[in-house]
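Colleague: I am new to this structure and would like to know what stands behind the labels. Please take me through them one by one.

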Amino acid sequence: MQIWVDADACPNVVKEILYRAAERLSVPTTLVANQYLNTPQSAVISSVQVAAGFDVADNYIVQKCHAGDLVITADIPLASEVIEKGAHALNPRGEFYTPENIRQRLNMRDFMDQLRSSGIDTGGPAKLNQNDRQLFANQLDRFLAKHVTK
């Protein structure tokens with residue numbers, strides 16, 4: 001099992017939680033971004049810088065992840081693709097994307113895109129707060145306890 005991180009938009013506080021978990025449980029963790037990432041020196045944490053461009057990092061993650069891997073992303077289309085491959089997808093707010101909820105999430109995303117395209121200000125996501133960070137850490141710990149053998 002490996003953790004893949006869609007790192008361009010992943011909050012630093014979430015990356016720090018991932019670093020600690022990866023080190024504690026020796027879980028290979030790869031951050032993928034189209035910019036340089038400063039990651040801790042570690043035998044289990046690495047980063048990959050992909051070319052700039054639309055969905056280049058997403059495509060890399062889809063190509064490299066396997067069934068059973070965990071992908072950290074807020075990108076709903078990416079989550080949908082990795083779920084189709086049998087991987088798990090968790091967003092930085094601690095919510096798992098599942099085969100049962102991904103279609104609804106995609107539909108809502110498309111609806112919000114349509115509203116924005118027509119000039120309606122839909123606002124953005126709320127700022128990541130302490131409850132979100134705690135939920136993410138708890139969900140990550142539960143997932144790793146179930147899927148990582150030490």
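Modeller: Helices (H or I, at least four residues) and strands (E, at least two) are DSSP runs, numbered from the N terminus. This is a predicted model, in which local features need pLDDT of at least 70 and side-chain atom pairs count only at pLDDT 80 or more, while totals for chains, interfaces and linings use all residues. Residues are numbered from 1 along each chain as its sequence is written, and side-chain values use heavy atoms, with hydrogens and water left out.

Colleague: Why is Thr-73 called buried?

Modeller: Buried means under 20% relative accessible area, exposed over 50%, and partly exposed in between (1.4 Å probe, protein chains only). Thr-73 has a relative accessible area of 1%, so the label is buried.

Colleague: What is Thr-73 in contact with, leaving aside its neighbours within four places in sequence?

Modeller: The residues in contact with Thr-73 are Asp-6, Leu-78, Ala-79, Leu-90, Asn-91, Pro-92 and Tyr-97. Contact means heavy atoms within 4.5 Å.

Colleague: What does the side chain of Thr-73 reach?

Modeller: The side chain of Thr-73 reaches the backbone nitrogen of Asp-75 at 2.9 Å. A polar contact is a pair of N or O atoms within 3.5 Å; within protein, one must be able to donate a hydrogen and the other to accept it, and residues adjacent in sequence count only if both atoms are side-chain atoms.

Colleague: And what does the side chain of Asn-101 reach?

Modeller: Asn-101 is in the loop between E6 and helix H4 (102–117). Its side chain reaches the backbone oxygen of Phe-96 at 3.2 Å and the backbone nitrogen of Thr-98 at 2.8 Å. Asn-101 is buried, because its relative accessible area is 17%.

Colleague: How many disulfides are there?

Modeller: The count comes to zero. A disulfide is a pair of cysteine sulfur atoms within 2.5 Å. The sulfur of Cys-10 is 16 Å from the closest cysteine sulfur, in Cys-65, so the two are too far apart for a bond.

Colleague: Are these cysteines buried or exposed?

Modeller: Cys-10 is buried at a relative accessible area of 7%, and Cys-65 is buried at 1%.

Colleague: What makes Asp-141 and Arg-24 a salt bridge?

Modeller: A salt bridge is a side-chain nitrogen of Lys or Arg within 4 Å of a carboxyl oxygen of Asp or Glu. The closest N and O atoms of Asp-141 and Arg-24 are 3.0 Å apart, so the pair meets the rule. Asp-141 lies in helix H5 (residues 130–147) and Arg-24 in helix H1 (residues 12–25), so the pair ties together parts that are 117 residues apart in sequence. Both residues count as partly exposed, Asp-141 at 36% and Arg-24 at 45%.

Colleague: How many salt bridges does a search of the whole structure find?

Modeller: The search finds two. Arg-93 counts as partly exposed at 22%, whereas Asp-132 is buried at 14%.

Colleague: How many aromatic pairs are there?

Modeller: The count comes to two. Rings of Phe, Tyr and Trp (its six-membered ring) pair if their centres lie within 6.5 Å; planes under 30 degrees apart count as stacked, over 60 as edge-to-face and the rest as tilted. The rings of Trp-4 and Tyr-60 have their centres 6.4 Å apart and their planes at 70 degrees, so this pair is edge-to-face. Trp-4 lies in strand E1 (residues 3–6) and Tyr-60 in helix H2 (residues 56–64), so the pair ties together parts that are 56 residues apart in sequence. Trp-4 is buried at 7%, and Tyr-60 is partly exposed at 22%.

Colleague: Why is the pair of Phe-96 and Phe-143 called tilted?

Modeller: The centres of Phe-96 and Phe-143 are 5.9 Å apart and the angle between the planes is 35 degrees, so the pair is neither stacked nor edge-to-face and counts as tilted. Phe-96 is in strand E6 and Phe-143 in helix H5, 47 residues apart.
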